[in-house]
Amino acid sequence: MSDYSDAFTGGTPGASIVGANWTSYRDAPGGFSQWVYATGGESVEPDTDSQSMGVRWSGGSVGAAQRSKITLASNGLISGSTFYVSAAARCSGATTTAHCYQFTWTPGTWYISRVVNGTGTDLGAGIGGAPADIASGATMEIVVTDSGTVATIEGFYNGASIGSRTHDHAGGTLAGGTPGFEAYNSGASLGKVGAWEGGDYPAGGGGAAVPPPPRAFPAPILNF
């Protein structure tokens, strides 16, 4: 089982994070738009407003059962802005061939969705009860597991399950890929991600604990 993380520290503001560990899977039309280190170099943000932009982990292999968790580094919505941020899993492709599952926050609503060839489709209705704003330091996580060709996609906010949806990916493109994250940002101060962790699910190898072997006791000495 593989676990990965990135604290996005020490980056040069404005420099792309795409490289050895990250690959862009959803760019602005025409490409070249990427996630970059934000001012201070301790978080990352989309470098283009009004575009859906996503990156996926490419620093190691990940199995089909996977997770992706982001820690947000921004809050304070701009009045009238259009904004979402997503934890994503099974990401592959590039721009018009982008594929992934997403757990998405927009002001007031959660969504679980799929993206196929760059087009997103919500899996069922939005899940109400989402906050109107999300504070810096909050976490969002997506977990994807399979039963045959049917995926269960579950979203977590600050460690608590928000809900899940299922999707049959038989014959499609969502059987594999790697975890990542995405945002649509109509204001430059929005969409910052301060840390990411993900990889195989469950984390750390998981599985049921193996009980210790029964303790051996010496045979009693019988005196007659």
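Here are a few exercises on the aromatic pairs of this structure, with worked solutions.

This is a predicted model, with residues numbered from 1 along each chain as its sequence is written. Local features need pLDDT of at least 70 and side-chain atom pairs count only at pLDDT 80 or more, totals for chains, interfaces and linings use all residues, and side-chain values use heavy atoms, without hydrogens or water.

**Exercise 1.** Work out how the rings of Phe-8 and Phe-181 are arranged, and where they sit in the chain.

Start with the rule: rings of Phe, Tyr and Trp (its six-membered ring) pair if their centres lie within 6.5 Å; planes under 30 degrees apart are stacked, over 60 edge-to-face, the rest tilted. That gives eleven aromatic pairs. Phe-8 and Phe-181 are 6.1 Å apart centre to centre with 80° between the planes, an edge-to-face pair. Next, the location: Phe-8 is in the loop between β1 (3-6) and β2 (22-26), Phe-181 in strand β15 (residues 178-185), 173 residues apart. Strands here are DSSP E runs of at least two residues, numbered from the N terminus.

Then check burial (under 20% relative accessible area, 1.4 Å probe, protein chains only). Phe-8 has 1% and is therefore buried; Phe-181, at 0%, is buried too.

**Exercise 2.** Classify the pair Trp-22 and Phe-181.

The centres are 5.3 Å apart and the planes at 65°, so this pair is edge-to-face. Trp-22 lies in strand β2 and Phe-181 in strand β15, 159 residues apart.

**Exercise 3.** Name the members of the aromatic cluster that holds Phe-181.

Along with Phe-181, the cluster takes in Tyr-4, Phe-8, Trp-22, Trp-35, Trp-57 and Trp-196.

Terms used: Helix = DSSP H or I, 4+ residues; strand = E, 2+ residues; numbered from the N terminus. Buried < 20%, exposed > 50% of the residue type's maximum accessible area, 1.4 Å probe, protein only.
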